[in-house]
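User: I would like to learn how to read the chains and their contacts in a model like this one. Please take the features one at a time.

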Amino acid sequence: MLGYFVRRLIMLLPVFLAMSAIVFLIVHLVPGDPIDHMLQIGASAERRQELAAKFGLDRPLVVQYALWLKAALTGDLGEAIILKQPVVDLILANLPYSLALGLSALLFSTVVGVSVGAAAAYFAGSWFDRVVMAGILMGSMLPSFWLGLLMILIFAVELGLFPVSGARSWDALVLPVLTVGIGGVALIARVTRAAFVEVAQQDFVTLLHAKGLTRRRIFFRHLVRHALMPVVTILGLKVGWILGGAVTVEYVFARPGLGSLLITSLGQRDYPVVQGCLLMLGMGVMLGTLVGDLAQAAMDPRVRDRMS
Amino acid sequence: MALLEVEGLTIGIGRFTPVQEIGFSLDRGAVLGLVGESGSGKSLTAMALMGLLPLIRGEVRAGSIVFDGVELANRPAELHRRLRGRRIALVTQNPMTSLDPIRTVGTQIDEVSRLHGGLDGRAAKARSLDLMEAMRIPRAAVVHGQYPHQLSGGMKQRIVIAMALAGDPDLLVADEPTTALDVTVQAQIVRLMVDLVKARGLALVLITHDMGVVAQACDRVVVLYAGRIAEAGPVESIFAAPHHPYTRALIGCIPVEGQARGTLIGIPGQVPGLTDYPAHCRFAPRCPAASARCRAEAPAPATIGASRVACFHPLGRGA
Amino acid sequence: MAIGTALLSAARTPRGAPAAIVLVGVVFAAIFADRLAPYAYDMQSLMQANLPPSAAHLLGTDEFGRDLFSRILHGARISLGVAVTSIGASVALGLVFGAIAGYAGGWADRLLMAVVDLTWAFPEILIALVLIAILGPGLGSTAVAITVGYMAQFARLARAQIIALKGETYIEATVGLGAGHAHILLRHLVPNALTPVLVAGMLATGDAIVLEATLGYFGLGAQPPLPSWGAMMSAGVGQMFLAPWVIVFPGLAIAITVVAINLYGDALIDALQIRNRLREG
């Protein structure tokens with residue numbers, strides 16, 4: 001297991017390098033002097049020189065990238081132009097909010113998605129199956145920012161059940177999680193349902209029936225583990241996708257978080273913050289993929305054997 | 001009364017009737033061979049005996065399956081389920097796919113005695129180890145903790161049989177139990193199953209397309225063709241004097257190593273598909289002796305010596 | 001089935017028929033927005049700001065008193081136009097890259113697929129935000145972001161189709177007859193790989209409309225006074241509690257269009273019987 005973990009990490013290394021290189025290149029691809037994109041207007045000449053020396057701006061791009069990455073990995077992501085504080089501090093201040101939203105949305109999507117998908121598969125072909133699956137599928141096609149706005153209008157303004165925006169209390173999390181979650185629920189419910197239907201057709205299931213087990217027991221004790229494997233794979237692949245949803249929704253609900261920070265900074269062209277946020281979000285996606293892989297390996301003895 | 005009495009069994013799937021009016025009976029300690037090519041309806045018959053037809057959207061349309069004096073055909077599903085694993089057990093065709101790939105083979109055997117014997121974990125495991133040893137599985141204690149993909153095909157089939165025996169059943173239904181295995185392993189598994197039948201007083205329905213297996217293992221044989229009985233009788237008399245041209249062809253082409261399963265090189269043509277069963281004798285298109293009558297009506301089974309034969313021109317009787 | 005016949009027979013299915021009608025309507029609105037709209041999309045009238053729907057203003061007015069119905073009709077032109085052209089470019093590029101990778105194999109394949117997989121791993125919205133960081137906000141950047149964001153999907157699909165086709169006997173026979181690579185690729189492989197990629201492109205157009213709207217809502221896409229569906233909501237969100245119709249109706253336009261695209265696309269997949277081919281790649 002450890003060997004597999006290390007191998008997966010090594011395989012992710014080029015992805016990380018490529019991702020960080022693109023993030024690094026942003027300031028160099030934007031028209032103008034990169035140093036102007038890293039400092040506030042009217043910065044002193046000494047400050048400019050200091051920064052140029054620190055990032056080796058007179059040296060080849062590869063060296064600059066190495067210096068930048070080294071600084072980033074040691075927690076130095078530069079200084080925010082507008083907010084005038086270290087980018088790392090901004091990110092650390094916002095990260096807990098994004099983590100809370102992202103993880104709750106992930107949990108919600110998984111629990112509800114698996115339950116709905118399993119129920120749809122158990123009652124495959126029934127009205128419940130058709131109506132519920134079609135409903136959440138349709139919901140997942142809609143722009144999540146719009147769903148968020150509608151939820152604010154209905155549940156916060158009309159019914160007054162939840163706060164309109166912000167993140168001051170736990171119930172401020174309910175509407176954002178629902179908004180991010182509907183896409184995740186649709187995805188996971190579909191994968192779960194398909195996985196159950198597929199595994200139920202396998203030979204070994206006939207033998208489970210032949211042993212005299214009840215359908216319910218076969219379904220919920222035996223097939224569940226099989227059906228969850230593709231769900232875990234998809235979760236790993238789509239963690240970034242759910243995180244992406246969180247980026248949008250934070251902004252809609254005016255919640256603090258990496259997504260809000262990123263979008264505000266993009267509008268203000270605060271490049272150091274943009275780079276820092278993108279780097280963090282990119283790493284989040286990669287971490288999710290890794291966890292998904294490992295979880296799958298832990299569930300399937302065949303994968304375990306193949307990798308040792 | 002025999003342990004299992006099947007009469008006029010007719011199986012339907014949707015608008016098709018892949019099995020029509022099959023009957024046989026079986027006593028404890030006896031082995032019945034159900035023989036035919038792919039598409040003859042033998043696996044469906046096995047599913048009917050197990051009460052598993054609903055899994056493939058099939059149903060018993062007519063006839064009866066009486067097991068130990070109890071009618072099972074078209075009774076509540078729960079009745080059949082309570083018998084499954086405990087009194088009627090199944091050995092399936094392909095040991096490669098018959099076991100749950102993500103649970104150890106041991107727990108899969110244990111499960112049956114826990115469910116039906118009410119044993120706790122420790123007792124169930126002890127019982128599984130006994131059964132595995134009876135199945136001549138070496139290092140049973142080690143194998144108990146292994147996963148299916150770590151075992152050979154023959155070993156997996158022994159596990160499947162051990163699993164079938166764990167509920168201490170009276171009737172074993174084995175659907176092509178050796179087809180997926182190497183020829184050398186095939187003989188061992190068949191021998192093992194026959195020994196079990198004799199030692200434990202089991203009744204065994206052995207489904208195969210291989211007359212060689214029938215000769216080795218069975219007491220009686222039912223030859224199916226396109227969902228109907230072609231010929232049925234004691235193994236010795238059928239091998240000594242087959243009456244149906246199809247039976248004779250089957251005996252004439254006992255499969256050899258390397259041949260694709262379910263095919264018979266000795267008989268040209270194929271079993272007709274479900275959609276185009278002829279109204280007349282279903283074997284007529286492939287039969288060397290077919291006459292105009294064979295292409296006009298379907299023969300009813302008739303008694304010839306110790307056998308029942310459905311043919312207008314039975315062999316060894318003249319025309 | 002030829003794609004033309006399939007388009008028609010998909011429009012006759014119970015799912016496809018209403019979807020097809022909606023799509024024809026949206027396209028009609030996009031093309032003839034000038035003639036259909038009762039007001040100019042940028043005609044302001046502060047006296048009539050934030051009016052609820054009425055006979056004069058079917059869907060109400062926004063904070064500057066602009067007619068929402070007119071803006072939504074013009075929005076169809078922008079939202080649909082950006083989505084369709086960007087996805088068109090994305091499909092074309094994806095097809096080229098995927099075909100080269102699948103046909104050439106070897107290092108070219110590995111290199112191209114490495115790049116494609118890199119973008120595949122990250123959600124489209126993040127890729128779009130990176131590109132907008134470089135290019136700056138605007139409709140052009142949105143188009144580029146959509147093109148790049150969805151390309152991986154088409155390249156993978158095209159590559160899988162080409163690889164599957166390459167092994168078929170008629171292609172081998174053509175090679176045996178001495179046909180050149182360009183001939184085989186352009187005359188035999190690409191035309192056969194085209195259908196699934198086009199259908200995937202159609203389905204992605206729905207996602208692209210949503211992505212365009214999202215960027216527009218962030219203020220990073222279409223800039224005022226251009227009435228893209230997303231940008232309209234961005235402006236309206238300040239008045240959301242006063243004039244909820246400014247949020248509800250443009251979103252509804254997106255919802256109806258996107259659901260129609262997906263329903264029709266699904267019917268088309270069935271008509272063409274390519275569901276399995278779409279799963280490849």
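Analyst: Begin with contacts inside one chain, two residues being in contact if their C-beta atoms, placed from the backbone, lie within 7 Å. In chain C, 71% of the contacts between residues at least 6 apart in sequence join residues at least 24 apart. This is a predicted model, in which local features need pLDDT of at least 70 and side-chain atom pairs count only at pLDDT 80 or more, while totals for chains, interfaces and linings use all residues. Residues are numbered from 1 along each chain as its sequence is written, and chains are lettered from A and ligands numbered from 1 in the order in which they are written.

User: How many helices and strands does chain C have?

Analyst: Helices (H or I, at least four residues) and strands (E, at least two) are DSSP runs, numbered from the N terminus. Chain C has twelve helices and zero strands. Its C-alpha trace spans about 75 × 45 × 25 Å along the principal axes.

User: Where does UniProt place the feature "transmembrane region" in chain C?

Analyst: UniProt positions are given in the numbering used here, with feature names shortened, and annotations may be inferred rather than shown by experiment. The unreviewed UniProt entry places it at residues 17–37, 80–105, 125–152, 197–220 and 240–265 of chain C. Residues 197–220 of chain C are 88% helix and 0% strand, with end C-alpha atoms 29 Å apart. For residues 240–265 of chain C the values are 81% helix, 0% strand and 33 Å between the end C-alpha atoms.

User: What does chain C bring to its contact with chain A?

Analyst: The contact takes 29 residues from chain C and 31 residues from chain A. Among the elements of chain C that each supply at least two residues to that side are helix H9 (181–217) and helix H11 (245–272). For residue classes, Ala, Val, Leu, Ile, Met, Phe, Trp, Tyr, Cys and Pro count as nonpolar, Asp, Glu, Lys and Arg as charged, and the others, Gly among them, as polar. The side of chain C that touches chain A has 24 nonpolar, five polar and no charged residues.

User: And how many residues of chain B are in contact with chain A?

Analyst: There, 24 residues of chain B are in contact with 18 residues of chain A. H4(B) gives the largest share of that side of chain B, four residues. The side divides into eleven nonpolar, seven polar and six charged residues.
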